[in-house]
Amino acid sequence: MTPTLAGVLGWPVAHSRSPAMHNAAFRALGLDWRYVKLPVSPELFAETVRALPGSGYGGVNVTIPHKQAALRLADVASPAAAAIGAANTLSFDTGSITADNTDAPGFLAALGRSPRGERALVLGAGGSGRAMAWALRDAGAAEVMVWNRTPGRAARLAAELGVSHVERPSAADLVVNATSVGLGSRWSEDDALAALGLNGREAPATLVDLVYAERETALCRWAREASAQVVDGLEVLVRQGALSFERWTGRPAPLEVMRAAARAGVA
Ligand code: NAP
């Protein structure tokens with residue numbers, strides 16, 4: 001069966017902007033594909049994924065809380081997915097299930113330059129904190145520090161990936177927010193900075209905020225007002241999505257089309 005379907009598995013997944021972004025890309029390239037939301041509970045994740053290759057799916061994205069389960073059930077994993085311990089992209093084109101992690105290279109593409117030689121601080125030690133720390137270390141950052149609200153998680157992550165962990169956020173050239181601080185409308189700038197231990201600190205030269213919301217996040221505003229380079233969560237979303245798109249279709253992703261669709265809102 002020639003694949004004509006892709007989608008995103010999550011629980012919940014209603015908020016995802018990926019369908020709007022990928023469907024716009026398929027239309028722009030004249031591909032008769034559809035990208036759908038697949039709300040799937042953890043109990044049904046494995047059997048659902050195994051049914052997809054025979055149902056017209058070329059591949060899927062995977063989001064919270066399935067990224068580790070996706071890696072576990074894959075037949076083959078890319079070196080990045082294996083090292084990070086999580087996959088956000090599954091492909092079915094080879095007759096087996098291949099796991100990739102496009103969050104890490106997508107983040108570097110969104111950054112737009114190499115972080116080689118820079119001191120980097122990753123806030124958060126969840127799934128995406130792990131991907132960010134791995135990407136920065138792999139791309140040659142001079143130092144990669146991880147801070148987390150629950151310090152033991154940062155210590156474990158640091159030991160596993162060969163980076164360092166800090167009890168309090170230290171000064172850095174590049175700061176990546178990989179926590180969920182800023183998600184939703186309840187975050188004032190003061191609250192967000194306090195939750196991340198950044199109150200009273202100078203903004204870094206570069207801030208990447210993985211969180212995206214209807215409006216600019218408090219953290220992005222703080223950094224922008226201090227003239228930092230700011231990369232927002234939608235740009236990271238677009239770049240990881242573009243890499244998944246290319247993996248499934250073999251075609252260059254229409255970045256501008258995807259960016260416009262992601263910024264226009266939920267499908
Ligand atoms: P996760 O595995 O659930 O980790 C959540 C992280 O946020 C943990 O480090 C947690 O710390 C921290 N946290 C939660 N509430 C906090 C608070 N009030 N104060 C301080 N820290 C807090 O989630 P994830 O998959 O890593 O995702 C993290 C964020 O990145 C989410 O908002 C997600 O939407 C976003 N994201 C965006 C993209 C993109 O393409 N733009 C891609 C991936 C993820 P504890 O360990 O102490 O609980």
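Visitor: Is Arg259 buried or exposed?
Guide: Arg259 is buried, at 16% relative accessibility. Keep in mind that this is a predicted model.

Visitor: What does Arg259 form a salt bridge with?
Guide: With Glu256. The closest N and O atoms are 2.6 Å apart.

Visitor: And Glu256, buried or exposed?
Guide: Exposed, with a relative accessible area of 56%. The cut-off for exposed is over 50%, so Glu256 counts as exposed.

Visitor: Where do Arg259 and Glu256 sit?
Guide: Both are in helix α11, residues 255–264. They are 3 residues apart, which means about one helical turn separates them.

Visitor: Which residues are linked with them in a network?
Guide: The salt-bridge network links Glu235, Arg239, Glu256 and Arg259.

Visitor: OK, Arg239 and Glu235. What is the N to O distance there?
Guide: It is 3.0 Å, in a salt bridge between the two side chains.

Visitor: How many residues apart are they?
Guide: Arg239 and Glu235 are 4 residues apart in helix α10, residues 233–249. So about one helical turn lies between them.

Visitor: Which of the two is buried?
Guide: Glu235 is buried, with a relative accessible area of 12%. Arg239 is partly exposed, at 22% relative accessibility. The limit for buried is under 20%, so Arg239 does not count as buried.

Visitor: How many salt bridges does the structure hold?
Guide: It holds 14. Another one of them joins Asp32 and Arg34. The closest N and O atoms there are 3.8 Å apart.

Visitor: How exposed is that pair?
Guide: Asp32 is exposed, at 59% relative accessibility. Arg34 is partly exposed, with a relative accessible area of 49%.

Visitor: Switching to the ligand. How many residues surround it?
Guide: There are 24. The closest are Ser128, Asn148, Thr150, Arg153 and Gly233.

Visitor: What does the backbone of Gly233 do there?
Guide: A backbone N or O atom of Gly233 lies 2.9 Å from a nitrogen atom of the ligand.

Visitor: Which backbone atoms lie by ligand oxygen?
Guide: Ser180 has a backbone N or O atom 3.2 Å from an oxygen atom of the ligand. Leu237 has a polar backbone atom 3.4 Å from a ligand oxygen.

Visitor: Next, cavities. How many turn up at 30 Å³ or more?
Guide: A search of the whole structure finds 1. The largest cavity holds about 40 Å³ of space.

Visitor: What lines the largest cavity?
Guide: The lining is Trp147, Asn148, Pro151, Ala154, His165, Val166 and Glu167. By class, that is 4 nonpolar, 2 polar and 1 charged residues.

Visitor: What about phi of Ser227?
Guide: It is near 65 degrees, a positive value in a residue other than glycine. Most residues other than glycine have a negative phi, and most peptide bonds are trans.

Visitor: Where is Ser227, and is it buried or exposed?
Guide: Ser227 is in the loop between α9 (218–225) and β12 (229–231). Ser227 is exposed, with a relative accessible area of 66%.

Note on methods:
Residues are numbered from 1 along each chain as its sequence is written. This is a predicted model: local features need pLDDT of at least 70, side-chain atom pairs count only at pLDDT 80 or more; totals for chains, interfaces and linings use all residues. Side-chain values use heavy atoms; hydrogens and water are left out. On a 1 Å grid over the protein atoms alone, a cavity is a set of points where a 1.4 Å probe fits but cannot get out, and a pocket is an open set with protein on both sides within 12 Å along at least five of seven lines; lining residues have an atom within 4 Å of a point. Grid points are joined across faces, edges and corners, and a volume is the space filled by probe spheres set on the points. Ala, Val, Leu, Ile, Met, Phe, Trp, Tyr, Cys and Pro count as nonpolar, Asp, Glu, Lys and Arg as charged, and the others, Gly among them, as polar. A salt bridge is a side-chain nitrogen of Lys or Arg within 4 Å of a carboxyl oxygen of Asp or Glu. Buried means under 20% relative accessible area, exposed over 50%, partly exposed in between (1.4 Å probe, protein chains only). Helices (H or I, at least four residues) and strands (E, at least two) are DSSP runs, numbered from the N terminus. A residue is near a molecule or strand if one of its heavy atoms lies within 4 Å of it. A polar contact is a pair of N or O atoms within 3.5 Å; within protein, one must be able to donate a hydrogen and the other to accept it, and residues adjacent in sequence count only if both atoms are side-chain atoms.
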